[in-house]
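Reader: I would like to learn how to read a few features of a structure. Please show me the general idea and then the case at hand.

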Amino acid sequence: MNKKPRWCVIEVIPREDYTLLLTFADGKKGIYDFKPNLQYPVYQRQRDISFFLQARAAYSSVVWPDDSDIDPEYLYKECSATE
C-alpha cells in the first residue's frame, strides 16, 4: 500500500486575494496567505494574478506553469483553518 504523507497537497484552489485553499492527504483543509511570498524573486511571476490563479496540485505540492512550487510540509504547518 502506497499511503501518502499527511502533508501532501491533494487539492488547491487559488483565490484572487492571493490565498490558497488547500486540502491535504490526511483530510486537513486550510488557507495559506501567499502575499508575503511575492517579495521573493522566485515568485515574481505570481505577482500577476492571472498567473497566480494557474496554481495546481502536483508532486504533492502547489505548482505553477513555470515549475515554481512551495514546500508542502511548510504549507501544512503554516496554513490556517478554513473559514
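**Salt bridges and burial**

Author: The side chains of K35 and D33 form a salt bridge, with 2.9 Å from N to O. A salt bridge is a side-chain nitrogen of Lys or Arg within 4 Å of a carboxyl oxygen of Asp or Glu. This is a predicted model, in which local features need pLDDT of at least 70 and side-chain atom pairs count only at pLDDT 80 or more, while totals for chains, interfaces and linings use all residues. Residues are numbered from 1 along each chain as its sequence is written, and side-chain values use heavy atoms, leaving out hydrogens and water.

Reader: How many salt bridges does a search of the whole structure find?

Author: The search finds 2. K77 also pairs with E78, the closest N and O atoms being 3.9 Å apart.

Reader: Is K77 buried or exposed?

Author: Buried means under 20% relative accessible area, exposed over 50%, and partly exposed in between (1.4 Å probe, protein chains only). K77 is exposed because its relative accessible area is 61%. E78, at 38%, is partly exposed. In the K35 and D33 pair, K35 is partly exposed at 40%, and D33 is partly exposed at 35%.

Reader: Why is P72 classed as buried?

Author: P72 is classed as buried because its relative accessible area is 11%. Contact means heavy atoms within 4.5 Å. Leaving aside neighbours within four places in sequence, P72 is in contact with W7, V9, F24, S60 and S61.
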